[in-house]
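Opening the notebook on a new model today.

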Amino acid sequence: MKKIILVTLFLIALACQKKDQTEKTTTVKDEHSYSKPELAVVKHLDLDIKVDFDTQTISGKASWLIDNISKGNEIIFDENTLNITKVTLGDDEKETKFELGAAAEFHGKPLKITIEPNTTKVNIYYSTTKDAVALQWLTPEQTADKKKPFVFSQGESIWSRTWIPCQDSPGIRFTYNAKVTVPKDLLAVMSASVNPQQKNDTGVYTFKQDKAIPSYLMAIAVGDIEFKAIDNRTGVYAEPSLIKKAAWEFAELGKMVVAAEKLYGPYRWGRYDVLVLPPSFPYGGMENPNLTFLTPGVIAGDRSLTSLLAHELGHSWSGNLVTNATWDDIWLNEGFTTYVEHRIGEEIFGKEEAEMQDVLTRKDLDDNIAEYGATSPDTRLKVSLTGRNPDDGISQIPYVKGYNFLKVIEQAVGREKFDPFIKNYFDAHAFQSITTEDFVKYINDNLIKGDKTLADKIKLEDWIYKPGVPSNITSVHSDDFTAIDNIQKEWRKTGVKGLSQKIKSTTEKQHFIDYLPADITAEEMAAIDAEFSFTKNGNFVIKRQWFVQAIRHEYKTAYPAIEQFMIATSRTGSLMTLYKELVKTPEGKTWAKQIFDKAKSGYHATTVQAVGDLLK
């Protein structure tokens, strides 16, 4: 009997320990949130909203279950451009006082609500305004089918507070239920455990997210959307004209999930679906839990760009499962995910493709270090974004420098040790938000373990806290790219005829384009274009890279296609690449401003801001 009691007590203790792990909220100071979670923190959201396309507003009630840790008389939320009409407490809806503090650029205002020591529920009645950065309202003409309106949200990094009053810090996690009322001819989907797969007759949809997530992963989309299954736990949402193309393009999605699980343990979110959005979506993809949002530019017709899916899927472990506690720690999300993306890609597409991707990633790192300057503090992995828009941290540095740092560790210890380490890292911090310092302690305790020789091989401090690239970066090589480099040396003598039969994949074409001779002429550009048809038939990535060269070398035949490309997409990173190239000459800057004037009405607000700042 004593043994039974001891075992029972042990199991209870273990269960409590697991509960603590999965419900932990980091209380590290977040410079980009007004909330004070160490005093009072949200735990669960019940959201009841109506989506109104006539007024382009979302309105309703956000009911928050809270933990009043300090037993004090105040809880602070973040809000930005919202219209707060009333706040009540508890199920009996006792009205209470609220106050909006002074506004700060990018951050909005603190919403200070008077509560009681025993308060467990706060109800906030509100509506959004036309200035909600997170919401992109599209007319029918701005959609693929051009028949019905569309709206979607983009919360990262601190924009969820523009459509929901929340404690908008990645270090604060909560579960949610939602009731969403939309026009009856449209479908609503969210970053929820289960989404509807067809429209109903009422226009009312309910959602549940039973895994604790940070506010930036709250997401909604409403439009004329259809669903098509890929397998028993994956599928695709898109507008009717795109649904068959999207389902074909992403046919290997289920295989990607299996490949990721093989490396890093079970997928813990239930379903994994993707939603193809209209072109104004500002990113390649956004890893909203259970429902990745994707740019339509991924649909190339030949599955050549689906590696982007590996990145967004990878976030189901690094980013969504284990999250950066502040935006200063964003490399924990993006560096780890880029590493996971490469490993999934190697599993699916083979070692040769992985080696080519390594070379491309190294070029991205070199290019970004050159752009920022090797001594710039923004080339550190652990950055300081105090007083700045945290979107400034979403450069390529945390992605590609973070990836190369993890490659250094992999080389130092070998995959046979590094793979279990990463899997255990995900397990140990599942559904938690952590800082860079938490990671440093974990790797020192569980991998380096006081081994000075190993520590010297890895150089943690140099990679994380110093600018530039440390000397121990791993070497990269691709035999396939070497063959293309040899072609690059000879084609001016032998001509370009037949090269398209030797340089076939998107990765190979990108490398070929990136390393065209610096003194290439417009006539030579025309000959290459005639052979490969980059201007007319290239996929999104190929066109972007080709257009960079066309701008540099004044290949004017491509100019109409460049303008059309820059008007048709709102992917901030890709657009900035082209706008930066254009503004290097006075004539190019004038053209850039003309394109921007034509295109900005279809750009996402964050894209407008980024390009507008560049063109000032």
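First thing I looked up: is Lys459 buried, exposed or partly exposed? Lys459 comes out partly exposed, since its relative accessible area is 29% (buried is under 20%, exposed over 50%, partly exposed in between, with a 1.4 Å probe and protein chains only).

Ground rules before I go on. This is a predicted model, where local features need pLDDT of at least 70, side-chain atom pairs count only at pLDDT 80 or more, and totals for chains, interfaces and linings use all residues. Residues are numbered from 1 along each chain as its sequence is written, and side-chain values use heavy atoms, with hydrogens and water left out.

Lys459 has a positive phi of about 60° and sits in the loop between helix H10 (452-458) and helix H11 (460-465). Helices are DSSP runs of H or I with at least four residues, strands are E runs of at least two, and both are numbered from the N terminus. Asn290 also has a positive phi, near 70°; I found it in the loop between strand S18 (285-286) and strand S19 (291-294). Asn290 counts as buried because its relative accessibility is 3%. I also logged a cis peptide bond from Glu156 to Ser157, omega near 5°, with Ser157 in the loop between S10 and S11.

**Asp145.** I placed Asp145 in the loop between strand S9 (135-138) and strand S10 (150-153). Asp145 is buried but has no salt bridge (a Lys or Arg side-chain nitrogen within 4 Å of an Asp or Glu carboxyl oxygen). Its nearest side chain of opposite charge is Lys147, 5.8 Å away. Setting aside residues up to four places away in sequence, Asp145 touches Glu239, Pro240 and Ser241 (contact means heavy atoms within 4.5 Å).

**Thr181.** This residue is in strand S11 (residues 173-181) and is partly exposed at 24% relative accessibility. Beyond neighbours within four places in sequence, I listed Thr181 contacts with Ile49, Lys50, Val51, Gly203 and Val204.

**Whole protein.** I counted 20 helices and 21 strands. Of the 616 residues, 57% count as buried. The C-alpha atoms fill a box of roughly 80 × 65 × 45 Å along the principal axes. Among contacts with a separation of 6 or more, 72% join residues 24 or more positions apart.

Technical notes:
Lys, Arg positive; Asp, Glu negative; His and termini not counted.
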